[in-house]
Amino acid sequence: MSPSNEDQGQLEHRVGPTPEAEPEFHPYHHPAAGWGAAKSVTRFLLRERELVDGPRAIMKMNHEKSGFDCPGCAWPDDTKGLKLDICENGIKHVTWEMTRKRVDRTFFAGHSVSELSKWSDFALEDQGRLTEPMRYDPESDHYVPISWKDAFATVGRALRGLDSPNQASFYTSGRLGNEATFLYQLMARELGTNNLPDCSNMCHEASGRALQAALGTGKGTVDLKDWEATDALFIMGVNVASNAPRMLTALAEAYHRGAQIVHINPLVEAAATRTIVPHDIMDMALFKTTRTSTLNVQPRIGGDMALMRGVAKAILEQSKTDPKALDPEFISRHTSGFEEYRDLCQATPWEEIELQSGVGRDDILKMARVYRDADRSIVSWCLGVTQHEHGVDTVREIVNLLLLRGNLGREGAGPSPVRGHSNVQGNRTCGIDHRPSPEFLDRLAEVCKIDPPRAHGLDTIGTIQAMNRGDVKVFVGMGGNFALAAPDTPYTYQALSNCELTVQVSTKLNRSHIVHGRQALILPCLGRTEKDHQQGGIQSTSVEDSMSMVHLSVGMKRPASSHLLSEPAIVAGLARAALPSSDTPWESYIEDYDRIRDTMAQALEGFEDFNRRVRLPLGFRIKQPARELVFLTPSGAAEFSSAPLPDVVPAPGTLALGTMRSHDQWNTTIYSDNDRYRGIKNLRTLVFMNAADMRERGIDEFDPVDITSTAKDGSTRHLNGYLAIPYDIPRGCAAGYMPEMNVLCALIDYSTQSDQPIMKHVKVTINPAT
């Protein structure tokens, strides 16, 4: 079902629920979490009628023994045995999965796909859990039941019938466990393709490429104990209270022990002010708040690189009179390219740094003093840094700053990217990579006795382009909601519609089932909260958090349907159907997941003795060479980068728009039309603007506006009738919610550094609605 509007404009369906009241905006001045979160969770449990299993899940989530890992964010589990290592969004995410509502064959018989295409995305997911495999019947325009055997056979025939295995693409979201991930990439590579796009291609690809180039590792080097020991935290481009709420505990603890906490974001979010951590019972009882920042800095959208350059320039200038401002021994022994970077900083005028960052010199010097006075510093960042044309250069600029003072390879210091989705980092570790290294492929070939392809495959952007050209004919989506998560929504819809077969492995109905190929299958899987019964007993799966800790997750609840299969079992079924002569022991793997882990222990560096180590308290941490000051770079040292500053100042009359999530949302799943931490009720079709920018355009609060984006090829995309909200955001900047605003993100506008869609820096004009 592709959109009809050829100008890439407004889609016919809504994302959120139908508003029940007039939109409201009241600036939020309360602490993050605390009683607001408790009330929100209670209302959500009541709405979903989960007053028994909901609290049971709360007591099981993120526990190292017989517990399941939260399917939400990738923040690591507490190291001190916390009994309630949970958050508002995690509870919502789990409760949403445990709903008693069901989408069965009766539902599909009563609703055609054409009808469902007009439903909101909230309404689709709100119908509940999928219960059995379904196939699209074009004659009736309905999904109809199909057996697992026939579903696997359908996929197998389609894959075997391709002229080339590269005519298939295998996407995964971050929720897939390590065992299923390993089998999924093994199947794709045994078929003969590296077309393994994933959600990292849209989120943290820039982080991986930058860290790999600078340090020889694609991951951060710190763990939670480092957060507990650092003197200064710099939190960049992340809305902590919504995207990684359990970080609030770390921020509150850091403040109590006297650490400096600097938040760097165009919007001052609730988590950058104060909090009441819900498991601190006395604080809750006394309404006692804790500050979560000591300094807030608001760069313009895209200005983070210039801001980091400014801090580095200040440190270098101080070093002329203060020898302790730098760590010359570290720089000499462990880095390469320092002189060139020092000269670049000296040659960059303060006026240019202020202009491009949008931050005055006095505030930059305040940041520099915090950094200079801290013996140990951590810089943490998320998509506000990466989803730009210059995302790789910005992350490398962060590493430059850390290297100046030797903030690497010692307790309480280092780079710490915040991954947004549970196990998205594990997916990459376990082989979901369209650009695999020769070393990884060599080891996979030796252990698994296959001949994996060596040519790079397609990432997310490449897959969408190839589907539109007709070069990719089969698309398999392992979790997620690809149709809504990807940029340039109408173009992505058309790409999926062009496929001969689309296969979606899912827990709930979503837009990617409605926007489908000529043939389409829905394959329902177990959720993270559910027991996985196999021949060898109840199985566990493993996940890797954003700080490289790998631990087990075991479901607690009876599956929503007896017809559901686990993700590893689905992958094995697809593989056996597509590769009938394969020597890979697919069936044996599914009988007992320990067998998968035994193979992973041989095939994956860092997973040696996997089955024993993953059962240790808190699991185990994958070794990071850079943490030990071993740099797998061409020079054998940590590499300074000397990239020029990009020009991020909007042209006259234009604004830089960044897409983001609301608080009552997880990725493309919308829980309500509210955004408590930004003071919004009953509204998602909005745009946050600087009040002066609004006055300049003759726009008042709640006025309808038309938003037009212009891509680098000159094409335009439009959203009409959105409501303008005045907000504390720098001049020249605007913000609004994804996935609605993905319409504005042209597929052609992707970073030449990371191939990521530029979803945080869309060039737009905003005018009163006509």
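Which ring does the charged end of arginine 661 sit over? I found it over the ring of tryptophan 666, 4.1 Å from its centre. The rule wants NZ of Lys or CZ of Arg within 6 Å of the ring centre and within 35 degrees of the ring normal. Arginine 676 has its charged end over the ring of tyrosine 677, at 4.7 Å from the centre.

I noted the ground rules. The model is predicted, so local features need pLDDT of at least 70 and side-chain atom pairs pLDDT 80 or more, while totals for chains, interfaces and linings use all residues. Numbering runs from 1 along each chain as its sequence is written, and side-chain values use heavy atoms, without hydrogens and water.

Next, aromatic pairs. I count Phe, Tyr and Trp (six-membered) rings with centres within 6.5 Å; planes under 30 degrees apart are stacked, over 60 edge-to-face, the rest tilted. The count is 22. Tyrosine 171 and phenylalanine 475 are stacked, with 6.3 Å between centres and 25° between planes. Tyrosine 171 is in strand β7 and phenylalanine 475 in strand β16, so the pair ties together parts 304 residues apart in sequence. Strands here are DSSP E runs of at least two residues, numbered from the N terminus. Tyrosine 171 is buried at 3% relative accessible area, and phenylalanine 475 is buried at 0%. Buried means under 20% (1.4 Å probe, protein chains only).

Last, I checked the sheet. It is open, with five strands in the order β12-β9-β8-β14-β15 and parallel pairing. Pairing takes at least two DSSP bridges. Strands β8 and β14 share five bridges.

Technical notes: Helix = DSSP H or I, 4+ residues; strand = E, 2+ residues; numbered from the N terminus. Buried < 20%, exposed > 50% of the residue type's maximum accessible area, 1.4 Å probe, protein only.
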